[in-house]
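Trainee: Could you walk me through this structure? I am new to it.
Mentor: Gladly, ask as we go.

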Amino acid sequence: MTASSVLVAIVIVPFVVSVATFFLPVRMSKPLTVVTGIAIFALSAALVPRVLRAPIRVGGTLQADALSVVFLVATAFLYATTAIFAAGYLHLEAGRSGARYGRLFYSGINLFCWAMVVAPVVNGIALLWVAIEITTVVSALLVAIDDTEAASEAAWKYVLLASLGLGIALLATIVMYYAGTATFGPAYNLSYAKLLAGAHHFPPAAVRLAFVLAVLGFGTKMGLVPVHTWLPDAHSEAPTPVSALLSAALLAICFYAILRFYQITERAVGSTYPRDVLLVFGVASLLLAALYLLRQRDVKRLLAYSSVEHMGILAIGMSFGVQLATIGVLLHVLSHAAAKGTAFFGSGSIVRKFGTKDMRRIRGGVGVLPWSGPLMVAAILALSAMPPFGIFRSEFLIVSGGLSDPHDAGAAILVVLVTIAFFGLSWFTSQTMLSPDPRPGGAPDQVVGAPDQVVGAPDQVVVTRGEPSVWIVVAMVIGLGALLVLGVHLPSQLSQLLDQAARELGGPR
Amino acid sequence: MGSVPSTYSGTTDLLTLLVLLTEFAMLRAPLLRSQIRLYAFQSLVVTVLAIVVAASRHVPDLYALAAVTFVLKVVLVPGLVLRLMRKADTDLAGSSVLGVASMILIAILVSVFGFVTITTLHLHSDVLPTPTLAISVAIVLVAFVLIILRQDVVSQAVGFFSLENGVDVASLVVAAGLPLLVDVAFLFDLLVAVVVFGVIMRVHHGRSNTLSTHDMDRLRG
């Protein structure tokens, strides 16, 4: 297969599968989605060596350079693992309403993943905006799919705030277009190559305005403080596979959009201005998330605030403006995807087992969940940047990059706040997972009270030792395996990919 | 393409100003229904603007956009929202944190701020009118005031819908060459907002019998 045909397949296949799953019964959608997810991941990985030679372009609409492929691989990985996880997680009621839920769910998940894999490979900031807009449209419906009061409240906040954010992001695109009209005339296409080539002629004031609007607009969907407020609600009320995709893949895609604006802005007005903007948003996000992590009672909200934390780290890492830190940021995108996905899969297992997201009612997780319990602990440790996992390596690179400028306090702030976040996450781990087994002597099963709104959960949950589903464990093992690979020994092609993407971001030096 | 004919920029400026004025009218409209009717009127102005731009700048794509805008934003979305409200048979007056006078005052300040900010950027373009960009930024900012200061689901929805109109105005006049796909994708967002709005009306309103966002505080922290 040529590189272009691989790219075209990546863009077409998930869409076709989404349409098909809308009509197929769930028992066929499940394996179909898993196979599609794995195939898209394999195709994305196949692009890595090719994109190292030269960027791939298909017509005027599709293009993939190293930067695109980093985000494509992260998203496709989540597509595959979430499909495996969902196969075990989803419990449908018998009858028509269950079948309808299943069809909507699978069609929605595939469409959501389609929009997310398309976003990094379209050519130009206008099409990128369209792809991200589609992710909002689909994911808002997926957040509301459970049809409970809390879910509808979360979906409303999400659709309103995300749409307002995207309105601002569209304004950013329009201002950038306007900035280009001085050079290119009133009608031109917004492809990256064209914008990057002409950027140094753009009026600086307009480019600065466009960049701030882009950070604010796409930042709303990425979860940057202070425009993050929809995020914990949507993450906690959405079905867990959707939470995993939102948190691990979608936020990164919105960061990718900001990086594209960064590239153009850097060429137009130099790197100091965009770095300062990112530093402000990054520190605010990291600070607020670290503090909120200390007082969470809901497992999924905890993981949501951890995402805000990691998005803050990404923004701060970019603000250092050092090649080493930028490589760290891109590695962080990959390792955060794997770690956050795995942690959400673990939370899905906990929610299924205990029938609640409330951490005060979850005890002895490691004893009750023989496989996913310890895996969850490992995933949380990975999220807190413990070696030997990928996030340790990426945060290490970011901090080393930041320390290379002794006058920059960013690295010090980063280390302090990440430590606070670590306390929040370890408190969760010790309270819920490593606490003593609730069943005295391991015998009679403990009865936990009425669960929160979990679709299809019975009123009383009897906690017995055992796994809710082997598929959940499989998905978690794959995620942790990837984290180990990223942390211990980065494959040489992947490391070249990150180098090249960082060079693309830094501009020709 | 040479410089833009002055009748063209005069017409577009007039129409965008009309959109901004409708935004102010929404802010002071006490009844939720009249808010939605004002939104339909505002969308009609945007439709006319699209036709004007299409005719004078020779962008035939924009005729299609005008047609879609008319069907969706003048007829379908306001119709659906009104129908949902009639079904819910709810309190018709919106709620706001501040009195009308102070709201209008804030909105005036905010729109002046938007106007001044864009003007101080000193963007000069021979081919595209800068004042329109400033006015559409003002529209967006006033829409934010509407969303923040009025605390009911309908005002929030209408605020978002009219913000979309403001961004639409900017894209029509300043970036007519932007792919049509962009505007159409944003229209989809409106439809999804209406769907979620419908869910809210069914699930939430069924329980609390009000459209105030005061009850939407289950999820916090």
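**Helices and the chain contact**

Mentor: Helix α5(B) is mostly covered, as 15 of its 20 residues are buried, meaning that 20 or more other C-beta atoms, placed from the backbone, lie within 10 Å of a residue's own. This is a predicted model, in which local features need pLDDT of at least 70 and side-chain atom pairs count only at pLDDT 80 or more, while totals for chains, interfaces and linings use all residues. Residues are numbered from 1 along each chain as its sequence is written, and chains are lettered from A in the order in which they are written.

Trainee: How far apart are the end C-alpha atoms of α5 in chain B?
Mentor: They are 29 Å apart, which agrees with the 28 Å that residues 130-149 should span at 1.5 Å a residue, the expected span being 1.5 Å times one less than the number of residues.

Trainee: Switching to chain A, at what angle do α5 and α6 pack?
Mentor: Helix α5(A), residues 125-143, and helix α6(A), residues 149-184, pack at about 175°, with their axes 9 Å apart. That makes α5(A) roughly antiparallel to α6(A), a term for angles over 145 degrees.

Trainee: Which classes of residue are in that contact?
Mentor: The contact of α5(A) with α6(A) has 16 nonpolar, 3 polar and 1 charged residues.

Trainee: And between the chains, how many residues does each give?
Mentor: Chain B gives 39 residues and chain A gives 40, with contact meaning C-beta atoms within 7 Å. On the side of chain B that touches chain A, α7(B) gives the most, with 15 residues.

Notes. Helix = DSSP H or I, 4+ residues; strand = E, 2+ residues; numbered from the N terminus. Buried ≥ 20, exposed ≤ 12 C-beta atoms within 10 Å, placed from the backbone. Axes fitted to C-alpha atoms, helices over the stretch in contact; angles between N-to-C directions. Parallel < 35°, antiparallel > 145°, perpendicular 65-115°, else oblique. Nonpolar A, V, L, I, M, F, W, Y, C, P; charged D, E, K, R; others polar. Contact = placed C-beta atoms within 7 Å.
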